[in-house]
Amino acid sequence: MKQTFRGSTAFVLGWIWVAFVLFNAFDLTLRYSGKSSLVAGAILGVLTALVYLTALRPATVVADDGLRVRNPLRTTFLPWASVDDVQVSHTINISHGDKVLHAWTPQASARERARANRRGHPRPQRGRYQTEPVLSKGERAAQEAMAGKTHADWVAEQIAERAENAKRRREQPGDVRVAWAPDALAACAAALVLVAVAVLA
């Protein structure tokens, strides 16, 4: 089973930007006015490439055969048995051999971390009457289990658990594969072409 984890806010904003750019590209085509339209198109192209690389492309993919981390320009594949340790700071840091892979997404911002810490500590009751619903035993247990944990912490736990299971099954650490991402390079190349056309026109 394959699961893909992303930064949901960045992903949604990225697609909103793509819709905005498509509308503007259509408008620039209809009202073409020479050099100024080319410059506007080049600016939109460069910004869209940046949005794609930083908001739409990054993902952490948990699959049966291993972990695939898609960062802006490169994709790294780690077989489960090659994962040594998983830590979370602002990013998920995956140790393998003497190297550390930093997954761009999901990230744990300071605000998200503070919100997660508050979630684990119920607010003190004010006044004589209780206005908050009484939680069941199961709901209290779930709240305690999630106390202080962000989405990145939860994903890191999934990765660590899969790696531990692979080591328990005595799987051999396979080759870690790092490759340049053709889609990311194509986005950069397209942006450069638009800039070159705008400059040379």
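**View 1. Gln87 and Asn93 are bridge partners between neighbouring strands.** Asn93 lies in E6. Strand E6 covers residues 92-96 and pairs with E5 in the antiparallel sense over four bridges. Strands count as paired if DSSP finds at least two bridges between them. Helices (H or I, at least four residues) and strands (E, at least two) are DSSP runs, numbered from the N terminus. The model is predicted: local features need pLDDT of at least 70, side-chain atom pairs count only at pLDDT 80 or more, and totals for chains, interfaces and linings use all residues. Residues are numbered from 1 along each chain as its sequence is written, and side-chain values use heavy atoms, with hydrogens and water left out.

**View 2. Three strands make an open antiparallel sheet.** The order is E5-E6-E7. Strands E5 (85-88) and E7 (99-103) are the edges, each pairing on one side only. Neighbouring strands are turned by 25 degrees against each other on average, direction ignored. Axes are lines fitted to C-alpha atoms, for helices over the stretch in contact; angles run from 0 to 180 degrees between N-to-C directions.

**View 3. Helix H5 packs on the sheet.** H5 (residues 151-168) touches E5 and E6. Contact means heavy atoms within 4.5 Å. The direction of H5 makes about 175 degrees with that of E5.

**View 4. Ile43 sits in helix H2.** Ile43 is partly exposed because its relative accessible area is 47% (buried is under 20%, exposed over 50%, partly exposed in between; 1.4 Å probe, protein chains only).
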